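Thanks for coming. Please have the sequence and the structure open while I talk.

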Amino acid sequence: MNTKQDNEVQEKYVIPGDKIATTEEYLAGKNTTESGGDILSAVYGTVYFDEANLTVSVINSKKKISAKVGDVVYGQVTKIDRGNAVLNISAIYQTDKGLVPFNKEAMLRLPRPNGRGDDQMSGLAIGDLVRGKISRTGRSLEVSMFGKHFGVLKTLCHRCRNPMVLKDGGLYCDNCERTESRKIADDYGSVMVFGDVNEGK
Ligand SMILES: [Zn+2]
């Protein structure tokens with residue numbers, strides 16, 4: 001039954017500066033640097049130990065990632081213009097790869113604001129940290145925030161730049177004693193692990 005012959009590949013995800021081995025154990029390979037007997041990662045990626053040549057490298061997974069519809073992404077709103085927002089994606093979550101860096105701009109689709117359009121699109125503001133879901137790929141990416149697990153994860157008060165807290169289902173600034181309206185994710189204010197997103201359907 002058990003015919004598994006693949007090498008036990010242990011995916012270890014590192015960020016620049018992470019110690020991945022010592023120079024006594026391995027030679028520094030691709031995308032690594034040495035510092036005082038340690039081998040550090042120079043990039044975001046996955047550690048690869050070449051036991052035959054005793055080198056350790058970091059595979060920069062950035063190039064291999066292509067966004068698929070349904071992937072969960074994290075990013076920051078950089079622009080809002082006439083009912084469209086631009087999301088600067090910084091990480092993407094894929095079931096088989098986990099959370100990996102991914103830098104790309106996407107169009108962020110929003111629930112249509114009710115009534116007249118304001119400058120500030122209802123439910124979103126520039127600078128908001130957002131969890132979204134890829135809704136379209138191709139020439140340009142589109143991200144939606146539909147579903148309770150998707151939306152704003154962190155936002156600052158428009159007036160004083162304090163982080164806004166959840167109060168009575170809305171967002172409130174303790175400092176200015178004012179509220180703002182956002183399309184927030186269901187774990188606003190208690191997002192502990194960024195990769196903890198897979199139940200978002
Ligand atoms: Zn404030």
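Strand E6, residues 45–50, and strand E7, residues 55–59, pair in the antiparallel sense over five bridges. Strands here are DSSP runs of E with at least two residues, numbered from the N terminus, and two strands pair if DSSP finds at least two bridges between them. Within this pair, Val 47 stands opposite Val 58 in E7.

Before going on, two notes on the source. This is a predicted model, where local features need pLDDT of at least 70 and side-chain atom pairs count only at pLDDT 80 or more, while totals for chains, interfaces and linings use all residues. Residues are numbered from 1 along each chain as its sequence is written, and side-chain values use heavy atoms, with hydrogens and water left out.

Back to the sheet. E6 and E7 belong to an open sheet of four strands, in the order E1-E6-E7-E3, with mixed pairing. Strand E1 (13–14) and strand E3 (27–28) are at the edges with a single partner strand each, so one side of each has no neighbour in the sheet.

Now the cores. A nonpolar core is a set of buried Ala, Val, Leu, Ile, Met, Phe, Trp, Tyr and Cys residues joined through side-chain atoms within 4.5 Å. Buried means under 20% relative accessible area, exposed over 50%, and partly exposed in between, with a 1.4 Å probe and protein chains only. The largest nonpolar core has 32 residues, and Val 77, Leu 87, Ile 89, Leu 108, Leu 124 and Val 143 have the most contacts inside it. Strands that each supply at least two residues of this core include E8 (72–81), E9 (84–94) and E10 (98–109). Apart from it lies another core, of nine residues, with Ile 20, Ala 21, Tyr 26 and Val 58 among them.

Take Val 143, found in strand E12. Is Val 143 buried or exposed? Val 143 is buried, at a relative accessible area of 0%. Leaving out residues up to four places away in sequence, Val 143 touches, among others, Val 73, Leu 87 and Ile 134; contact means heavy atoms within 4.5 Å. Val 143 and Arg 109 are 34 residues apart in sequence, yet 5.9 Å apart in space, C-alpha to C-alpha.

Last, the metal. Which residues are the protein donors of the zinc ion? They are Cys 157, Cys 160, Cys 173 and Cys 176, each through SG, lying 2.2 to 2.4 Å from the zinc ion. Donors are N, O and S atoms within 2.8 Å of the metal (3.2 Å for Na, K and Ca); water is not among the atoms, so sites may look incomplete. The donor residues are spaced C-x2-C-x12-C-x2-C in sequence. Cys 173 is buried, with a relative accessible area of 0%.
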